[in-house]
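Subject: Structure handover

Hello,

Here is the structure for your files. My notes follow below it.

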Amino acid sequence: MKFVDFENQVCLVTGAGSPTGIGFNTAKILGGLGGKIAIVATTDRIYERAEELKTEGIDAKGYIADLMDREQVKKLVAAVTEEFGQIDVLVNNAGMVQVGVEEDFSGFLDMTYESWDDAIDRNLNITFNVTKEVMPFMVDAGYGRIVNVSSVTGPVVSNPGEASYSAAKSGVVGLSRALAIEFGANGITVNCVLPGWIGTASQTEAEAAGGLNTPLRRSADAREVANAIVFLASEEASYITGESLVVDGGNTIQEYKGPAELYY
């Protein structure tokens, strides 16, 4: 007997184009547990991910959409509900980086207004846009699980050159808490997962070094973050809402940040 299963549940996962990313790994686990999977990305590589899921016997379909464009979001949700009839689980994973788009790490004084607006659009407004369109279906059904992928960067810690990203990811946590309160009586839970250093294909050398300095002495595999998302998306997580689950190998609990040879 499975501890959690998603039989007869439709799961929409955004930002699932990368084969090594959190989104695709989440979709794969949800599908393996019986869920019907709708996955979204900005390029046609999402069709390759959908085919991978299908080869594992998962009912899956890929969709291309720029989730910063609200008209495209409306068409996406309409297409998913027409295909599958409902949306029971929403995983808002899209954000941070997009294929072909360079991330801006300019300091605050050098940051352009356009860069700020883009970071807020990409890392906060996408979550709002998709949730806004999906929520009415969950309200009508009297059931829903929403898991928003935020970050430790912003809600817990930050870095130079990441003012906009930090503000956006903190905003995701605030949005999630507000929605958890507003829609709890409708049988809908809203939670966040806050990843730390994750060993995906896009991880930089500096990020990999950061992972080696966590208490677990490594970065996470994307599947380890996906496992946390899947639990919060399950029926078994029925009394958890408005919470932020940190998945960072204990990195943010460390007080000492100096050389290991001087302490630990």
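In these notes, buried means under 20% relative accessible area, exposed means over 50%, and partly exposed lies in between, with a 1.4 Å probe and protein chains only. The model is predicted, so local features need pLDDT of at least 70 and side-chain atom pairs count only at pLDDT 80 or more, while totals for chains, interfaces and linings use all residues. Residues are numbered from 1 along each chain as its sequence is written, and side-chain values use heavy atoms, with hydrogens and water left out.

Cysteines. Cys 11 is buried, at a relative accessible area of 0%. Cys 192 is buried as well, with 1% relative accessibility. A disulfide is taken as a pair of cysteine sulfur atoms within 2.5 Å, and the count by this rule is zero. Cys 11 is in no disulfide, and its nearest cysteine sulfur, in Cys 192, is 18 Å away. Seen from Cys 192, the closest cysteine sulfur is that of Cys 11, and 18 Å is too far for a bond.

Helix α1. Helices (H or I, at least four residues) and strands (E, at least two) are DSSP runs, numbered from the N terminus. Nine of the eleven residues of α1 (residues 22–32) are buried, so the helix is largely enclosed by the rest of the structure. Among the buried ones are Phe 24, Ala 27, Ile 29 and Leu 30. The cover over them includes β1 (10–14), β2 (36–41), α2 (45–55), β4 (89–92), β6 (188–195) and α7 (222–232). Just after α1, Gly 34 has a positive phi of about 105°.

Asn 25 lies in α1 and counts as buried at 11% relative accessibility. Its side chain makes a polar contact (N or O atoms within 3.5 Å, one able to donate a hydrogen and the other to accept it; residues adjacent in sequence count only if both atoms are side-chain atoms) with the backbone oxygen of Gly 21, at 2.8 Å. Contact means heavy atoms within 4.5 Å; beyond its neighbours within four places in sequence, Asn 25 is in contact with Pro 19, Thr 20, Ala 222, Arg 223 and Ala 226.

Cores. A nonpolar core is a set of buried Ala, Val, Leu, Ile, Met, Phe, Trp, Tyr and Cys residues joined through side-chain atoms within 4.5 Å. The largest has 35 residues, of which Phe 6, Leu 30, Ile 37, Ile 39, Leu 53, Val 193 and Ile 229 touch the most other members. Helix α7 gives the most to this core, with seven residues. A second, separate core of 27 residues includes Leu 12, Val 73, Met 138 and Leu 179.

Regards
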